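Trainee: I'm new to this one and would like a close look at a single part. Could you walk me through it?

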Amino acid sequence: MRTPGPDHERWADAVGSYLLDALPPEERDGFASHLEACPVCRHDAEELGVAADALPLSVPLVPPPAALKDRIMSVVESEAELLAAAGRGADEPPRERASKRRGFLGGWLLRPGIALACAAVLLVAGGLAGSLLAGGDPEPRTVVAQTTAPGAEVRLEIRDEASTLVARGMPAPPGDRIYQVWIKRPGRDPEPTSVLWSTRDDGSAEVAVPGSLEGVEAVLVTDEPQGGSEAPTAAPVITAETA
Amino acid sequence: MQLVRRGNAPAFEVIYERHSQAAFSLAYRMAGTRGVAEDVVQDAFLSIWRSGARYERTRGSVRTWVLGIVHHRAIDALRRSFVHERRRASDEGIEERLETGERTDVEAARHEEASTVRTALGHLPSEQSQVIELAYFGGFTHTEIAAMLDTPVGTVKGRMRLGLEKMRHALGTGQVSLG
């Protein structure tokens, strides 16, 4: 015999709606909390969940276009390379890493998306170190970028092969979006890059911009859905003109 | 999934190959256009790539997990879109879209389990299958459905539950593999 949880009378008829993702947003969290505390509703959800889980199987099968896989794998492979460059521990939870690297990267290596930003940062560091060791020119040409984020300061440090966007006081991307870097050449649409990033808790970031910026008019940053986009879906939040 | 969690791209590709057709089919069914369906699937799979650690084997198969993510993303897209606003304003438009979704896929392969589930869904009283379709495939909340059908919210919730109970009974244990 299961004992109903608190507020069971209020929520008892919402199980079906919950399983079908039909709860209004303002009720979703309330029901989820109730579910954790109510063995009766949890049992109902498990029983009826079998039917709800079967619903997508009723759909006639339609093959996805091959180009979709190409797009997805392109992002995945580039991010896998960045993660590999950052080291195996880059996507570990911060608590595990804190003891090893406390005080350096702190606790912001929480998600692969952040880890990717970190990977870009590490690549910057690696590139700089390599440049210094090779006796190359460590002094970048710096331009101040325009940003729509109030109070933020962003600059672009331009080097031959490893330019860097440096942000301070920059807000994190809204919702579950992510910042994406674009290359703008004269008379052409912005070209996507695989550089996806977020900010640290203190609003700072150092982001590697791949390749030479010769012939590039501006480096742009927009916020995009996770995974980035092929074309900007939002106005630039950062515009760094190279001239 | 262990390898995906470690950032192994070939392992992720296997997951994509195995589940992308079901994912795209669900997204297409819900969104009604290939373009939006592609966006939904891309968004969902990149989310999976970046959050593989969130999969818990004890809570169901990988396919159920993947399709659940696709469903959430498709609902987000529907609720954001102008299309959803337009459909919300016209009950006839909704019915037309749902029927069209059936007709446009006549050339697609039909899996046996799909037939079983469709039969179970088809045997429900129409007022129960209607609210389930509007909610699951249409992305509408029970409040929106109640307003569309001019029916009390409690009645809509009751029909959803009853419909799922009958489907569960019709499917029976083990008749439809979700793995």
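Predicted model: local features only at pLDDT ≥ 70, side-chain atom pairs only at ≥ 80, totals over all residues.

Trainee: In which loop of chain A is the place of A:Gly175?

Mentor: Residues are numbered from 1 along each chain as its sequence is written, and chains are lettered from A in the order in which they are written. A:Gly175 sits in the loop between strand E4 (162–168) and strand E5 (178–184) of chain A; strands here are DSSP runs of at least two residues marked E, and helices are runs of at least four marked H or I, both numbered from the N terminus. A:Gly175 is exposed because 10 other C-beta atoms lie within 10 Å; exposed means 12 or fewer such atoms, buried 20 or more, and partly exposed in between, with C-beta atoms placed from the backbone. Along the chain, A:Pro225 is 50 residues from A:Gly175, and their C-alpha atoms are separated by 9.2 Å.

Elsewhere in chain A, strand E1 (residues 141–144) runs antiparallel to E3(A), joined by four bridges; two strands pair if DSSP finds at least two bridges between them. In this pairing, A:Arg141 stands opposite A:Ile158 of E3(A). A:Ile158 belongs to the covered face of strand E3 (residues 153–158), along with A:Val154 and A:Leu156, while A:Glu153, A:Arg155 and A:Glu157 form the uncovered face.
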